[in-house]
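Please read the following explanation alongside the sequence and the model.

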Amino acid sequence: MKNLLFHNWQAKVVCFLIALSIWIYLKNHDQPGFIDQLWTGTLTGH
Amino acid sequence: MNFPYTLIASIARDTIEISILTVGIYWLWKLFRGTRGARVLAGFGFLLALLSLISFALHLTVIGQLLRISPLFLLISLVIIFQPELRRIFAEVGSRPLFSPHRQQAEVIEAVINGLEQLQLAGHGALIAFEREITYEPARETGTTLDAHVSDDLLATIFFPKTPLHDGGVIIVQDRIALAAGIFPLTQSEGLQRTLGLRHRAALGMSEETDAAIVVLSEETGIISLAYNGELRRPLTTDELRSQLIAILLNGSDEKSLVPQLAS
C-alpha cells in the first residue's frame with residue numbers, strides 16, 4: 001500500500017494537480033459560478 | 001438538518017471524481033512515458049494546470065476565459081501528435097490479459113536461469129530485462145521484435161556471439177520475449193567499477209530509467225548481476241538470482257532486504 005502511494009510520488013502529485021484543475025474547470029462549466037461559490041465559501045452541497 | 005449529509009455526500013462524490021481523474025491521468029502518463037511527445041505533453045499539462053490553479057486562486061478572469069477555450073484545441077493537437085502512440089495503446093488494451101498468472105512468470109524465470117547457465121558454460125554474455133510497468137520506448141524502436149515464447153535454448157541462441165541479435169539486450173514482457181538487440185540507456189553513474197563493461201552500464205542505466213529488473217551475465221568473468229532500482233547487485237549465484245527475481249516480479253516486495261550486494 002505504501003509502495004502504491006509513494007512510488008513515483010512526484011509524478012502522482014503532478015497528476016493530482018492536473019486532475020484537480022480539470023475537475024475545477026469542468027465543474028465550473030457544469031455549474032456556472034462554482035468557482036465564485038468556492039472562493040466565497042458559500043457552497044451548499046447541491 | 002439534512003444539510004451536513006448533503007454536504008458530506010457532495011464532498012465524497014467530488015473526492016471520487018478527482019481520484020478517478022488522477023488515476024486516469026497517471027495511467028495515461030505511464031503509457032506515454034518514454035515516447036517522443038511525452039515531454040511536450042508533460043510540459044503543456046503542467047503549464048495548463050498551473051495557470052488554471054493560479055487563475056482560480058487569484059481570480060484572474062481573462063486568463064480563465066483563455067483557458068476555457070483552450071481544451072478543444074489541445075485535444076485535437078494531442079490526437080495528432082500522439083497518433084502512433086494512441087494506436088499502440090488501443091492495440092495493447094485490446095490484447096492485454098486480465099490476469100498475469102504467477103505460474104507462467106515462474107516458468108519464465110526458470111527458463112532464463114537455465115539459459116544463463118548454458119551461456120555461462122559456453123563463456124558468453126547476456127543482457128536480459130524483465131519489463132514491469134514502465135516501458136522504455138527507444139529500446140523498442142531500436143531492437144528487433146520477436147514476440148516469442150521464452151525458452152533457455154532461444155536465449156542461448158540469441159546471445160551466441162556470431163548471431164546478428166547477440167548485441168544489445170533482450171526485453172521480456174510477461175511471458176514473452178518482446179524483442180532482442182535492444183539498445184538500453186547507459187548509466188552516467190561515476191561510482192561503477194572500471195572493470196564493468198557496457199553491458200553492466202546499460203543494465204544499470206535501464207534500471208535507473210524504468211522499474212525493470214535486468215539480469216547481466218558477464219562474458220569475461222561469468223558473473224551474474226542483477227540491476228534494479230538503480231542498484232547493481234553482484235556477484236549472484238543462480239539460486240540468489242532466482243529468489244531475487246521471484247521477490248521482484250512475483251511478490252512485488254522490496255528486495256533491498258534480500259542480500260543486496262552493491263557494486264562499489
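A residue counts as buried if 20 or more other C-beta atoms lie within 10 Å of its own, with C-beta atoms placed from the backbone. The model is a predicted one. By that criterion, 13% of the 46 residues in chain A are buried. Chain A contains three helices and zero strands, and its pattern along the sequence reads α-α-α.

Next comes the contact between chain A and chain B. Each side is given by its residues: 18 from chain B and 18 from chain A. On the side of chain B that touches chain A, α1 (3-32) and α2 (38-58) of chain B each supply at least two residues. The largest share of that side comes from α1(B), with ten residues. Sorted by class, the side of chain B that touches chain A comprises eleven nonpolar residues, six polar residues and one charged residue.

Chain B also has strands, and two of them can be followed together. Strand β2 (residues 144-149) of chain B pairs with strand β4 (residues 176-182) of chain B in the antiparallel sense, over four bridges. Within this pairing, Thr144(B) stands opposite Ala180(B) in β4(B). How many of the six residues of β2(B) are buried? The number is zero, so strand β2(B) lies largely in the open. As a general point, side chains in a regular strand alternate between the two faces of the sheet.

Key:
Residues are numbered from 1 along each chain as its sequence is written. Chains are lettered from A and ligands numbered from 1 in the order in which they are written. This is a predicted model: local features need pLDDT of at least 70, side-chain atom pairs count only at pLDDT 80 or more; totals for chains, interfaces and linings use all residues. A residue is buried if 20 or more other C-beta atoms lie within 10 Å of its own, exposed if 12 or fewer, and partly exposed in between; C-beta atoms are placed from the backbone. Two residues are in contact if their C-beta atoms, placed from the backbone, lie within 7 Å. Ala, Val, Leu, Ile, Met, Phe, Trp, Tyr, Cys and Pro count as nonpolar, Asp, Glu, Lys and Arg as charged, and the others, Gly among them, as polar. Two strands pair if DSSP finds at least two bridges between them.
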